2 protein chains.
Amino acid sequence: MDIAEVAKASGLPASTLRFYEEKGLIHSSGRNGLRRSFNASVVERLALISLGRSAGFSLDEIAEMFTFDGPDINRAMLSAKADKLDRTIEELTAMRDGLRHAAVCKAPSHFECPKFLRLLRVAGKNRFRQPNKLKEIKPKRSV
Amino acid sequence: MDIAEVAKASGLPASTLRFYEEKGLIHSSGRNGLRRSFNASVVERLALISLGRSAGFSLDEIAEMFTFDGPDINRAMLSAKADKLDRTIEELTAMRDGLRHAAVCKAPSHFECPKFLRLLRVAGKNRFRQPNKLKEIKPKRSV
DNA sequence: ACTTGACTTTAAGTCGACTTGAGCTTTTAT
DNA sequence: ATAAAAGCTCAAGTCGACTTAAAGTCAAGT
């Protein structure tokens, strides 16, 4: 596959694919003249990468998950990541419940609603920071 | 409360509090000479902000949630955010299951494991991008 | 032969969310 | 009275994840 096909199949721009290759997250199978050629399995790998990104892992963390050198080390890490995700899911669930409640709550301010404040406290246990805005993927850009 | 107390209570550095104030996410109740003074409710508001951040909302989105001007508009938006979160939670759950499975899977490569690949596909439906790395909060910095 | 369009590289730019530094003022402790 | 600690403002810097621009290469169609 050439880069445009992979881009289309994965929904990622070619620039991102080059960037990922440079970071070692994917590999091209060789060159066709100048041009990279990829084999089809890269599309699944990209799906996994996108998934990992959407789960809040950084590219570096995802790269770690791909190093299948020490099988035990790796299994342990995968479990650890899963646990981390579990905590995140709990928080998001609390947040979601808080939002749903806020949407119907009669209290003049959410800060005056005991139910909401309780959710706040529950959810705030394992807090962490997250830098940027979530953007929708634009699978195709025409310009 | 002065800024240091709020910082301690919220786990956020003073610089962040000033930054949030500048963005209109929080307000100081006045000045004590030069110094800002906050009333205690700001701590809850900050908890809510942190929670929102950890749920993947940008500061701008969180600011939107705080504008309780049009009650209907706002309720609709809160519901919309909750729905968005629901989709995220679904994805994260799939990702977590994928990771847990990968941690025990016998297949030589995860890409050769049908169970894993199925999870991939399920999880990849509503994909979105998320820019940065999650960092732990360091509540105290000594330098 | 030549233009077009897809691809290439490298460097620089962008974006959100903060952080850091410089230089000043004010409060507090000795 | 004075020095350290804590605040302040404003500008600039940082970080991760890409994106964009500039300038060049190359195969294919007219």
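Predicted model: local features only at pLDDT ≥ 70, side-chain atom pairs only at ≥ 80, totals over all residues.
## How chain A is built

Let's start with the overall layout. Chain A has six helices and three strands.

Chain A counts 143 residues, and 47% of them are buried. Its accessible surface is about 8,000 Å², with carbon and sulfur atoms making up 53% of that. Contacts along the chain are worth a look too: taking those between residues at least 6 apart in sequence, 41% connect residues at least 24 apart.

## Salt bridges within chain A

Over all chains, the count of salt bridges is 16. One of them pairs the side chains of A:Glu21 and A:Arg36, with 2.5 Å from N to O. Is A:Glu21 buried or exposed? With a relative accessible area of 18%, A:Glu21 is buried, because the cut-off for buried is under 20%.

A second example in chain A is the salt bridge between A:Lys81 and A:Glu61, whose closest N and O atoms are 3.5 Å apart. Here the link runs between two helices: A:Lys81 belongs to helix 5 (residues 71-104) of chain A and A:Glu61 to helix 4 (residues 59-66) of chain A, and the two residues are 20 apart. Both A:Lys81 and A:Glu61 are buried.

## A salt bridge within chain B

Turning to chain B, you will find B:Asp60 in a salt bridge with B:Lys23, where the closest N and O atoms are 3.2 Å apart. Which parts of chain B does this pair tie together? B:Asp60 is in helix 4 (residues 59-66) of chain B, while B:Lys23 is in the loop between helix 2 (14-22) and strand 1 (30-32) of chain B, so the pair joins parts that are 37 residues apart in sequence.

## A network across both chains

Finally, some salt bridges share partners. Together they join A:Asp83 and A:Asp86 with B:Arg96, B:Asp97 and B:Arg100 into one network. If you want to find this group in the structure, look for those residues in chains A and B.

Conventions
Residues numbered from 1 in each chain as written. Chains lettered and ligands numbered in written order. Heavy atoms only, no water. Helix = DSSP H or I, 4+ residues; strand = E, 2+ residues; numbered from the N terminus. Buried < 20%, exposed > 50% of the residue type's maximum accessible area, 1.4 Å probe, protein only. Contact = heavy atoms within 4.5 Å. Areas by Shrake-Rupley, 256 points an atom, 1.4 Å probe, with all protein chains shown as cover. Salt bridge = Lys/Arg side-chain N within 4 Å of Asp/Glu carboxyl O.
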